[in-house]
Amino acid sequence: IVAYDVLRYLKSKDTYIIGKGQTASDIFKTVCKRLELETGTIDAATWHQTPNAYENAGGFEVIRDAIENALEHEKRFYVLIPEGKKISFRDLSNLQTDIIIDEENGEIDFQHNANIDEDVYNQFKVISEDAKEWKVARNDDHVKQWGLLQYSQKFGEPVREADLPGLLDKLAAIYDRPKQKLSLTCFGDWNVRAGVGVHVRFTDFKNFDNGQGYYVRECTHKV
């Protein structure tokens with residue numbers, strides 16, 4: 001018997017027109033309706049996406065672009081969660097749990113890695129269609145430490161020149177820091193799965209703040 005995760009059906013392709021005023025959650029609903037997929041919980045996104053057109057594009061591609069745009073403009077990260085036959089569109093901040101992983105609650109072994117190899121930047125250049133010059137934000141300390149890692153993008157409507165300073169702040173908050181990965185082997189909790197947030201606290205490990213929240217990307221339960 002071969003069973004498929006419901007997310008597999010987002011690979012199906014179609015043509016999509018992203019209209020003015022649509023948010024990432026609107027686009028998610030549009031794609032699911034087109035591909036005859038049931039939806040579960042939908043957290044409402046707020047950023048109105050730039051009008052766009054996709055020809056012969058997979059549903060994943062269309063939703064992924066909408067999520068990435070929302071991340072840049074809302075500073076919120078949305079994820080797709082399979083729930084039986086339904087797909088939910090969730091804001092990660094709504095998936096944080098009270099679960100704490102530490103020495104007292106069953107931490108067994110861990111591996112931690114922090115790097116600047118992917119989606120990490122310390123200088124940001126952005127411009128809009130109505131702006132005459134590029135707006136730049138730069139973290140000099142991180143440039144000295146890592147070398148120049150530059151992000152550059154031209155935005156169309158609805159981004160205006162007056163929006164650029166706030167957009168630079170959001171981009172810096174998202175990308176101007178090392179990417180951290182923490183792998184754990186510990187006593188399990190059936191409430192933990194990909195997408196949820198847990199708190200991690202090790203008294204003898206100083207590379208991150210005690211109690212810092214981590215979101216689970218992959219999870220395997222063994223009995």
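Reply: What follows covers helix packing, a salt bridge and a pocket in a predicted model.

Me: Why is α1 called roughly antiparallel to α2?

Reply: The angle decides it. Helix α1 (residues 24-34) and α2 pack at about 170 degrees, with axes 9 Å apart. Angles over 145 degrees count as roughly antiparallel. So α1 is roughly antiparallel to α2.

Me: Which residues make that contact?

Reply: From α1 come Ala24, Ile27, Phe28 and Val31. From α2 come Gly59, Val62, Ile63, Ala66, Ile67 and Ala70.

Me: How do the residues of this contact divide by class?

Reply: The contact of α1 with α2 has 9 nonpolar residues, 1 polar and no charged. Gly counts as polar, and Gly59 of α2 is part of the contact.

Me: What makes α2 roughly perpendicular to α4?

Reply: Again, look at the angle. The axes of α2 and helix α4 (residues 164-175) cross at roughly 110 degrees and come within 7 Å. The range for roughly perpendicular is 65 to 115 degrees. Therefore α2 is roughly perpendicular to α4.

Me: Which residues of α2 and α4 make the contact, and of what class are they?

Reply: α2 gives Leu71, Glu72, His73 and Glu74. α4 gives Leu167, Lys170, Leu171, Ile174 and Tyr175. By class, the contact has 5 nonpolar, 1 polar and 3 charged residues.

Me: How do you know that Asp26 and Lys29 meet in a salt bridge?

Reply: Compare the distance with the cut-off. N to O is 3.9 Å for these side chains. A salt bridge needs a Lys or Arg nitrogen within 4 Å of an Asp or Glu carboxyl oxygen. Asp26 and Lys29 therefore qualify. The structure holds 9 salt bridges.

Me: Why are Asp26 and Lys29 separated by about one helical turn?

Reply: Because they are 3 residues apart in helix α1.

Me: What lines the second largest pocket?

Reply: 18 residues do, with Gln49, Thr50, Asn52, Asn69 and Gln153 nearest its centre. The pocket holds about 270 Å³ of space. β3 (52-58), α2 (59-74) and β10 (150-155) each supply at least two lining residues. The largest share, 5 residues, comes from α2. By class, the lining has 9 nonpolar, 7 polar and 2 charged residues.

Conventions: Residues numbered from 1 in each chain as written. Predicted model: local features only at pLDDT ≥ 70, side-chain atom pairs only at ≥ 80, totals over all residues. Heavy atoms only, no water. 1 Å grid on protein atoms, 1.4 Å probe; cavity = no way out; pocket = protein on both sides within 12 Å on 5 of 7 lines; lining within 4 Å. Points joined across faces, edges and corners; volume = space filled by probe spheres on them. Helix = DSSP H or I, 4+ residues; strand = E, 2+ residues; numbered from the N terminus. Axes fitted to C-alpha atoms, helices over the stretch in contact; angles between N-to-C directions. Parallel < 35°, antiparallel > 145°, perpendicular 65-115°, else oblique. Contact = heavy atoms within 4.5 Å.
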